[in-house]
Amino acid sequence: MLDVDAVNTDRGGGSRRWLGIDGPPLVGKTHATAAAMLRVHDQLLDSPPPVRGKGVRAEHIPVVYVSVHGASSARLIASIANFVDLPTTKTQRAQDTLTQLRNVLPLLGTRLIVVDDAHMLRRVGGARDLTDNLKSIIDALPVSFIYAGAGLHDSALLRRTDSADDGYSAAEQMAGRMRRLVLKRYDPTIAAEVRNWHRKLDLLIKRLETIPGFDSTDVRSKEFGHRLFQLADGRTGRSLELLQDCTKRAVREGRSPQLSDLKWLEVIDTEGEVL
């Protein structure tokens with residue numbers, strides 16, 4: 001994230017790079033993005049505050065985070081404005097809000113905007129409005145964008161669907177300016193990848209161990225880890241979700257999670273029920 005920010009320091013809007021965090025569902029994109037974002041936020045928060053005009057008071061918000069679920073580009077702009085507490089009206093045009101953000105974000109010291117679930121951004125109508133509008137947002141705002149989403153490379157974000165034959169393609173320009181980071185599921189045949197998976201899982205287990213009375217004996221056992229890895233198919237996000245499900249079930253029964261909880265999830269998954 002900081003690399004993209006550094007690259008964009010001396011770049012104008014039309015050449016600004018953006019980071020795309022891609023990969024299949026449940027490999028841990030949201031967890032990885034959030035963890036990196038928080039580290040970057042803390043680093044940037046320690047940097048000198050932005051220079052403001054005399055009498056101007058504003059918070060220091062180096063990183064903006066928004067999650068989109070079927071939202072349009074206009075809704076994305078509204079979400080960014082809402083995060084920084086920018087006053088807007090219900091009838092206000094997206095373009096006017098974008099202009100406000102262009103003026104306000106530098107005062108807040110905003111350097112990065114993280115958009116999670118970016119594959120859920122949708123088009124309004126059949127034209128190429130989504131990609132055009134997203135490119136306009138990246139060009140207009142003096143920040144670096146990070147988009148995280150499943151199958152991002154093949155989503156509406158980078159796909160041209162109109163039939164215009166004018167030689168212009170915002171999708172191609174967006175793709176050409178993207179730095180793509182691909183997260184994948186861990187391979188059980190590669191020892192180093194299995195160790196990395198265990199390290200990520202250990203972070204959650206350590207947090208659970210801070211709960212008074214929590215016994216992590218079973219969840220730290222070799223058999224539990226092996227079964228969890230198989231059930232999650234090496235996907236970090238899925239692994240964390242399953243461990244959380246095991247823990248919730250155990251807590252409801254007034255105990256700590258056991259191997260039997262994981263076997264219960266295996267049965268549910270096999271029967272095709274919703275976990």
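This is a predicted model: local features need pLDDT of at least 70, side-chain atom pairs count only at pLDDT 80 or more; totals for chains, interfaces and linings use all residues.
Ile 21 has Ala 148 of strand 4 as its bridge partner. Strand 4 covers residues 144-148, and the largest pocket holds about 690 Å³ of space.

**Strand 4 and its neighbours**

- Strand 1, made of residues 18-22, pairs with strand 4 in the parallel sense, and the pairing runs over three bridges.
- Strand 3, residues 112-116, also pairs with strand 4 in the parallel sense, here over four bridges.
- Within strand 4, Tyr 147 stands opposite Val 115, while Ala 148 is the bridge partner of Ile 21.

**Burial of strand 4**

- Buried means under 20% relative accessible area.
- Five of the five residues of strand 4 are buried, so the strand is largely enclosed by the rest of the structure.
- On one side of strand 4, the buried residues are Ser 144, Ile 146 and Ala 148.

**The largest pocket**

- A probe the size of a water molecule, rolled over the atoms, shows where empty space is left.
- The largest pocket contains about 690 Å³ of space.
- It is lined by 25 residues, and the closest to its centre are His 31, Ala 32, Thr 33, Ala 35 and Ala 36.
- Helix 2 (29-45) supplies at least two residues of this lining, and its eight residues are the largest share.
- Other elements that each supply at least two lining residues are helix 1 (2-7), strand 1, strand 5 (178-182), helix 7 (191-208) and helix 9 (236-252).
- Sorted by class, the lining of the largest pocket has 14 nonpolar, six polar and five charged residues.

**The second largest pocket**

- About 250 Å³ of space lies in the second largest pocket.
- Residues that line the second largest pocket include Tyr 186, Pro 188, Trp 197, His 198, Lys 222, Phe 229 and Asp 233.
- Helix 7 and helix 8 (222-232) each give at least two residues to the lining of the second largest pocket.
- Helix 8 gives the most to this lining, with five residues.
- By class, the lining of the second largest pocket has five nonpolar, five polar and two charged residues.

Key. Residues are numbered from 1 along each chain as its sequence is written. Side-chain values use heavy atoms; hydrogens and water are left out. Buried means under 20% relative accessible area, exposed over 50%, partly exposed in between (1.4 Å probe, protein chains only). Two strands pair if DSSP finds at least two bridges between them. On a 1 Å grid over the protein atoms alone, a cavity is a set of points where a 1.4 Å probe fits but cannot get out, and a pocket is an open set with protein on both sides within 12 Å along at least five of seven lines; lining residues have an atom within 4 Å of a point. Grid points are joined across faces, edges and corners, and a volume is the space filled by probe spheres set on the points. Ala, Val, Leu, Ile, Met, Phe, Trp, Tyr, Cys and Pro count as nonpolar, Asp, Glu, Lys and Arg as charged, and the others, Gly among them, as polar.
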